[in-house]
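Let's take a friendly walk through a protein structure together. Have a look at the picture first, and then we will go through some of its details.

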Amino acid sequence: MSQPDPKLLEEISQLRADLDSANYRYYVLDEPQLTDADYDRKLQRLKRLEAENPSLISADSPTQRVGAAPAEGFPAVAHAIPMLSLDNAFSREDIIAFAERVAERLECEPDDIEFSCEPKLDGAAVSLVYEQGVLVIGATRGDGRTGEGITSNLRTLRSVPLKLMGGSIPDLLEVRGEVIMRHTGFEALNERAREEGSKVFANPRNAAAGSLRQLDPRITATRPLEFHAYQAARLEPDMGDASHSALMARLSTLGFRTSAELTILHGPDAVTDYCEQLGEKRDQLGYDIDGVVIKVNDLRHQRELGFVARAPRWAVAFKFPAQEEVTTLNDVEFQVGRTGAITPVARLEPVTVAGVTVSNATLHNADEIERLGVMMGDTVAIRRAGDVIPQVVRVDTEKRPPDARAIIFPDSCPVCGSEIERLEGEAVARCSGGLYCAAQRKEALKHFASRKALDVDGLGVKLIEQLVDLDWVKTPADLFYLSVEQLQSLPRMGEKSATNLVNALETAKSTTLARFIYALGIREVGEATAVNLASHFGALKALQDADQTALESVSDVGPIVAAHVHTFFRQPHNIETLQALLEAGITWQESEVTQGPTPLEGQTWVLTGTLDTMTRDEGKARLQALGAKVAGSVSRKTTCLVAGEAAGSKLIKAEQLGVEVIDEATFITRLADWEQS
């Protein structure tokens, strides 16, 4: 048998190293190294070389993440060291009691103990075993002693290294951690499921667990899953790490994602403060946590403290209030949105979920009502997570009362009586009334006048509803013809308030093309997409004349969004509205289309604190015009943070991550240089 060409071996090895490094930087460090196009080119090249030389395919090659053939079942895997549960704490007093028990056994004061604290991820616990640096076994927690072997499925996760990185590789390593699904991925997964008429998951934890237990790993590979390491259960040989935090740092260098929120604290008071602070910001994390894991940081002390029957003495889980509760669904109302979407809203017996009283929850659409099999009068489980609208996730049919009533989806709009349409391939039913429908008109006007659109100061929700109910405003253009005399005749509207509103409407006429596009309320066109469209075409006429292909060439605009934009500018009533708005005096500075890359293309900026010479929105608009993405939070992907007066937690996090921080004066100077170049 002839030996492989050394140059071929070298190229394959280099491609694998480049792809492994790119995966590590993207999925673990949040510091992308390759563009998507470069990554895809390298991956396709490696696939082609391996297809031509199948004997050179190795189990740890990045090409092997795509998923093997479906399995008939999962083998049982006995855990060499049981995956134990943790005792729970629910209050400050419980945390103090835990610290005192630890201190008594260690013969020290509670304030002298160093604790490691990190979020308790709400996902699916798994174990990964590496031999000589290569992943050999992946298993679920199971009953703690025996789990299911799901190695093929775990191999599809980009955040699971197929082989360990770095120069010092242990002979044996068992890493334990949580597989989670972020809120954005969860919502997108369920939205696809609703469109396809397939299973909708109740929450991200169930979605993660269900995705991992697919017999076909190719299905798992399509799910937005992440692995976060939280423990090294076995490490041979011992590499001299003296603390849990040092061990987590080592796991990061070996290629694992660990918690960016991990903090070392002394004493129970500092620990309880951390728990309260994390509880306050849990909705901002973008993924579900149900508490805080508190561990004695010193590994020598952990060994000294040992275990009870089912849990370690050196750790405890502080639990947050539940984000899911049970209540009664009393009634269902149907609301009409800006685009005519009919949304069934459950009216509930008020219940406290994660510290917030919930009396309404979304039922999404007719398909969701049918899937849940829910009826009025049912006992239902309500889930609230982050900024996501509370939703009905389960029905307890065994508790269904005899007088339960079916939920009948209307055939006509509950506001204007127009026929309700449901287009083929869409799960959402819509009112066909357009601006004839008062509900759609109200929502369209609220959007048009909102802060990120034309920003009409003083034009609030109640006033818009009055104007529509009186039939004074039928299209957005009608707003600009309201008079002081007309407005001051409204209840609780004096001459001064009426004058201020007319002046605000006059001010709002001077805007930007991006804000104007966003204000039009085109389906699927959010603030960022509006900026991209404005930057790409430069003028409204060019955007109106663009065909589907031209629209799809815009950054972040796919076929669906392109179709919505193209259709919008071909509807006669929309063209009439546009003309009326221009005749009312709305203007903006049109710009020449920028050729080639913009100065800040590919960069991510964050603005925080108070700026003296401009608003943060103005700074954001100028950055976006230069090609930058402007984010609301700091991460390792952040290029630069602009810190104004009274900058807070974002500044602290940027400094911790080594992100460049500049003040307002430097920001203005750089903007001027870029805008003149």
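Two rings of Phe, Tyr or Trp (its six-membered ring) form an aromatic pair if their centres lie within 6.5 Å; planes under 30 degrees apart count as stacked, over 60 as edge-to-face and the rest as tilted.

## Before we start

This is a predicted model, in which local features need pLDDT of at least 70 and side-chain atom pairs count only at pLDDT 80 or more, while totals for chains, interfaces and linings use all residues. Residues are numbered from 1 along each chain as its sequence is written, and side-chain values use heavy atoms, with hydrogens and water left out.

## Aromatic pairs

The structure holds 11 aromatic pairs. In one of them, the ring centres of Tyr130 and Phe256 are 5.6 Å apart and the planes stand at 85°, so this pair is edge-to-face. Its partners sit 126 residues apart: Tyr130 belongs to strand E4 (residues 124-131), and Phe256 to the loop between helix H8 (244-254) and strand E9 (263-266). The labels come from DSSP runs numbered from the N terminus, with helices (H or I) of at least four residues and strands (E) of at least two. Both Tyr130 and Phe256 are buried (under 20% relative accessible area, whereas exposed is over 50% and partly exposed lies in between, with a 1.4 Å probe and protein chains only). Together with Phe227, Tyr130 and Phe256 form one aromatic cluster.

Trp605 and Phe667 make a tilted pair, with 6.1 Å from centre to centre and 40° between the planes. This pair also links distant parts of the chain, as Trp605 is in strand E21 (residues 604-608) and Phe667 in helix H24 (residues 664-676), 62 residues apart. Trp605 and Phe667 are both buried.

## Helices that cross

Two packed helices are described by the angle between their axes and the distance between the axes. Here the axes are lines fitted to C-alpha atoms, for helices over the stretch in contact, and angles run from 0 to 180 degrees between N-to-C directions. How do H12 and H13 cross? The axes of helix H12 (residues 438-449) and helix H13 (residues 461-469) come within 10 Å and cross at roughly 140°. H12 and H13 are therefore oblique to each other (under 35 degrees is roughly parallel, over 145 roughly antiparallel, 65 to 115 roughly perpendicular, and the rest oblique). On the H12 side, the contact (heavy atoms within 4.5 Å) includes Ala438 and Leu445, and on the H13 side it includes Val461 and Ile464. Sorted by class, this contact has 5 nonpolar, no polar and 5 charged residues (Ala, Val, Leu, Ile, Met, Phe, Trp, Tyr, Cys and Pro are nonpolar, Asp, Glu, Lys and Arg charged, and the others, Gly among them, polar).

Helix H3 (residues 92-106) and helix H9 (residues 267-281) have axes that come within 9 Å and cross at roughly 145°. Among the contact residues are Ile95 and Ala99 of H3 and Val271 and Cys275 of H9. The contact of H3 with H9 has 6 nonpolar, 1 polar and 4 charged residues.

## Backbone details

Most residues other than glycine have a negative phi, and most peptide bonds are trans. Glu107 is not a glycine, yet has a positive phi of about 55°. Glu107 is found in the loop between H3 and strand E3 (114-121) and is exposed, at 74% relative accessibility. Asp471, in the loop between H13 and helix H14 (484-487), has a positive phi of about 65° and is partly exposed at 41%.

Which residues does a cis peptide bond join? The bond links Glu236 and Pro237, with omega about 0°. Pro237 lies in the loop between strand E8 (225-236) and H8.
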